[in-house]
Amino acid sequence: MKPINVGLLGIGTVGGGTWEVLRRNAHEIQRRAGRAIGITRVADKALARARGIVGAKAKLTADAREVTRAKDIDIVIELIGGTGIARELVLDAIAHGKHVVTANKALLAHHGNEIFAAAQKKGVMVAFEAAVAGGVPIIKALREGLSANRIEWIAGIINGTSNFILSEMRDKGLDFATVLAEAQRLGYAEADPTFDVEGVDAAHKLTILSALAFGIPMQFKKAYTEGITRLTRADIAYAEELGYRIKLLGITKRTAKGIELRVHPTLVPARRLIANVEGVMNAILINGDAVGPTLYYGAGAGSLPTASAVVADLVDVTRLITADPGHRVPHLAFQPDQLSDTKVLPIGEVETSYYFRLRVLDRPGVLADITRILAQGSISIDAMVQKEPGAGQKQVDIVLLTHRALEKNVDAALKKIEKLRTVVGKVTRIRLEELL
Ligand code: HSE
């Protein structure tokens, strides 16, 4: 059979890994796909560096449109990143009848609906396994392996950088800024780490998972996003004493009122497997009504792990390239005319448990005032610890865990509590999930 010709846009870390995996495993890949798959054209602005990787084995250009429009190309891999030029090039490739493989989660979270509609119209595939959790085949699991299930919820550690920072803070008792600097030195965190540490990268990935789980359009703008920058060593240590770990989780859940879509630091029971995922690793817990909880773990980034997902997509597309477009796996797991308009809930409508840390004056009646306000907001206390004051100090930390409560009731109660004259400063609030 005629080999599949691939055009690669961007031969950086993941592109270089993709080149390497396709070369290294060419024979195995051909045995699986039924025909050879080779990168025959590469576009990259850094021509000399690209030449150093591909030699004379592929046609090199600095003009990506030479690749997206080349008659001899079957599949275009987009590894440029971002939502600007990458969007234009993906749409250009689709318009020219190319199948697309992309690792670009931001692009799909923001423009996925437009891109899938264009692909649908043109009868081409857009594959994106590498966009979520790098080498972990989570898209495949959710879209195909679990297709018998009504998915109930997903909770994932889907940003390795922030998981590395949280692991180091806990292990070494260091503060956020110190560990971030260390992560940057090791190359785990970008010079501008905003997307990773503010939860934006995780929210991009969660938006994709949520769409696949519930058959809804991509709705990144409705995701609630809170990062790890305000977490303190004290909260991590107090959580530990109570039997919990703090993880940055992406959570999406089906409820009677709508769909929850939220990324935030979360207390998780330390005995859960997912609570023990450390360093830059990723893990995603999916709960289906038939199968129950399933857990997927692996490298969420890096050259070869991400290339593993890109090349798996190339094999998938190759296998289906001659199939009738109506009989391929739908982009968002559900048939395009079966997407649902179930609403995504604002964070105020979310129900979860909470960890509160308050600094209070150590005198009679303080706790009574606090518990009265919580009771008025229908917020039930599950556990409470008062920390010993430091020598000569008149203020103490109180840590409270609650049962499930409505976030907007919690907002209102915390406002009232912060107004008490016996409460010093702001209350720290971290959500808590039992993940049962
Ligand atoms: N920056 C991401 C992370 C990897 O830290 O997990 C790419 O999505």
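How far is an oxygen atom of the ligand from an N or O atom in the side chain of K105? The distance is 2.5 Å. This is a predicted model, in which local features need pLDDT of at least 70, side-chain atom pairs count only at pLDDT 80 or more, and totals for chains, interfaces and linings use all residues. Residues are numbered from 1 along each chain as its sequence is written, and side-chain values use heavy atoms, with hydrogens and water left out.

**Ligand site**
- K205 places a polar side-chain atom 2.8 Å from a ligand oxygen atom.
- For N159, the distance from a polar side-chain atom to an oxygen atom of the ligand is 3.3 Å.
- A polar contact is a pair of N or O atoms within 3.5 Å; within protein, one must be able to donate a hydrogen and the other to accept it, and residues adjacent in sequence count only if both atoms are side-chain atoms.

**Sheet**
- The open sheet has six strands, ordered β3-β2-β1-β4-β5-β6, with parallel pairing.
- Two strands pair if DSSP finds at least two bridges between them.
- Helices (H or I, at least four residues) and strands (E, at least two) are DSSP runs, numbered from the N terminus.

**Strand β1**
- β1 (residues 4–9) is mostly covered, with six of its six residues buried (buried means under 20% relative accessible area, exposed over 50%, partly exposed in between; 1.4 Å probe, protein chains only).
- In a regular strand, side chains alternate between the two faces of the sheet.
- On one side of β1 sit I4, V6 and L8, on the other N5, G7 and L9, and all are buried.
- Six bridges connect β1 with β2 (residues 37–43), and the two run parallel.
- Within that pairing, V6 faces I39 of β2, and L9 stands opposite A43.
- β4 (residues 75–78) also pairs with β1 in the parallel sense, over four bridges.
- There, L9 has E78 as its bridge partner.
- Helix α1 (residues 13–24) lies across β1, β2 and β4, at about 150 degrees to β2.
- Axes are lines fitted to C-alpha atoms, for helices over the stretch in contact (heavy atoms within 4.5 Å), and angles run from 0 to 180 degrees between N-to-C directions.

**Aromatic pairs**
- The structure holds three aromatic pairs (rings of Phe, Tyr and Trp, its six-membered ring, with centres within 6.5 Å; planes under 30 degrees apart are stacked, over 60 edge-to-face, the rest tilted).
- One of them, F116 with F128, is tilted, at 5.5 Å centre to centre and 40 degrees between the planes.
- F116 belongs to helix α6 (residues 105–122) and F128 to the loop between β6 (126–127) and α7 (138–145), so this pair ties together parts 12 residues apart in sequence.
- F116 counts as buried at 7% relative accessibility, and F128 counts as buried at 1%.
- F164 and Y188 form an edge-to-face pair, 4.7 Å centre to centre with 70 degrees between the planes.
- This pair links distant parts of the chain, 24 residues apart: F164 is in helix α8 (residues 160–172), Y188 in the loop between α9 (176–186) and α10 (194–197).
- F164 is buried at 8% relative accessibility, whereas Y188 is partly exposed at 36%.
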